[in-house]
Amino acid sequence: MKPVTKKFQLTPPQILVIGFAAIILVGATLLSLPMASASGKPLRFLDALFTATSATCVTGLVVVDTGTFFTKFGQIVIILLIQIGGLGFMTMATLFAFALKKRISLKERLILQEAMNQGSMEGIVRLIRKVIRYSLTIELVAAIIFSIRWSFDLGPAKGIYFGFWHAISFFNNAGFDLFGSINGPFTSLTSYVNDPVVNIVTMGLIILGGLGFIVMADVMDYKKSKRLSLHSKVVLSATGLLVLVGALVIFIFEFTNAKTLGSLTWGGKFGEPSSSLLPQEQQEPTQWI
C-alpha cells in the first residue's frame, strides 16, 4: 500500500514573503535595464536590487538620486513598487479582482487576513474596500493640490507628473522624490522650506499614511460606531505624542544651528512662510521647458 503524501501547499505568510520577494526581483530587473537609466548605462544589479527593495518596503534609502539618474520609465517602476509595497500586493491584487468583478476565494481571504494582521476573516473584504477607497481618495486629493501648486513652477505637464508621483510617495512614507532634477541631486524639498501648501499637504500625507489603514477605517467609522478600538487609541495617542515631542526636541536643539533652523526667521522656525529663508536661487525652483 502506497503511503499517503500530503500535497505541498504554501501558508499565507509564505505566500506574502514569496510575493514581495518576486515583486522586488522584477522591479530590480526593470531598474537595471539601460532604458531605466538617464545616461543609457545600466545600473548595477546590486544597486537596482537595493533601490527596488527600498521602494517596495517604503524605506526611503537610495544609492543614486531618483530624479537625475532614472528616466521616466525608471521613475514609474519605482512609484509602482512604492504603491504596491505601501498598500500590499494582496490589496493591489484584490483591487484588480474588484475591477474584474472576480470573487475573492477563501484562500485569498486567509492571505488578506494575514496581510492586514486581522484576528478573523469576518469583514476582511469590506475592510480592503475601505483601504482602497480611503487610500486612492487621499492620494488623489493631494495629487491635485500638488499639481496645481507645482504647475506654477514647473509648467502644467511636469507639475501634474510631480504632483501624482509625490502624492503616492509621501502617502506611503517612501521618502523618494524627483526634485534632484530641478535643484540638484539629493536636494529633496529644501527649496520649499517656506511653502505652507507643500509642507502642510506633505505632513498630512505622511501622518495619514503612517497611522495605517486599520486606524483610518476605525476613525472614519467613529461617527457611526461612537467608539475606537484599543489599537486605534494607542496609535493615535502615540503618533500625536511623538510628533509634538519630536518637534519640540528638534526646535530646541536645532534652534541656533545655521545649517537647519538657525538661518530662519522666528516665523520660519515655526513653519510660517518667509521670503528670507533661503538664497534666491533656492527659493524659485528652476522652470522646466
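**View 1. Thr 51 and the residues it touches.** In this predicted model, Thr 51 is in contact with Leu 31, Leu 43, Val 63, Phe 70, Ile 78 and Phe 176, once residues up to four places away in sequence are set aside. Look for Thr 51 in helix 2. Is Thr 51 buried or exposed? Its relative accessibility is 2%, and buried means under 20%, so Thr 51 counts as buried.

**View 2. Helix 4 from end to end.** Helix 4 runs through residues 72–87, which makes 16 residues. From its first C-alpha to its last, helix 4 reaches 22 Å, close to the 22 Å expected at 1.5 Å a residue. Which residues of helix 4 are buried? They are Gly 74, Gln 75, Val 77, Ile 78, Ile 79, Leu 81, Ile 82, Gln 83, Gly 85 and Leu 87.

**View 3. The largest nonpolar core.** This core holds 43 residues, and those touching the most other members are Ile 78, Ile 82, Phe 146, Trp 150 and Phe 162. Helices 1, 2, 4, 7, 8, 10 and 11 each give two or more residues to the core. Which helix gives the most? Helix 7 does, with 8 residues. As a general picture, nonpolar side chains in soluble globular proteins tend to be buried together.

**View 4. A closer look at Phe 162.** Here is one of the core residues that touch the most other members. Beyond its neighbours within four places in sequence, Phe 162 contacts Trp 150, Leu 154, Leu 178, Phe 179, Ser 181 and Ile 182.

Technical notes. Residues are numbered from 1 along each chain as its sequence is written. This is a predicted model: local features need pLDDT of at least 70, side-chain atom pairs count only at pLDDT 80 or more; totals for chains, interfaces and linings use all residues. Side-chain values use heavy atoms; hydrogens and water are left out. Helices (H or I, at least four residues) and strands (E, at least two) are DSSP runs, numbered from the N terminus. The expected span of a helix is 1.5 Å times one less than its number of residues. Buried means under 20% relative accessible area, exposed over 50%, partly exposed in between (1.4 Å probe, protein chains only). A nonpolar core is a set of buried Ala, Val, Leu, Ile, Met, Phe, Trp, Tyr and Cys residues joined through side-chain atoms within 4.5 Å. Contact means heavy atoms within 4.5 Å.
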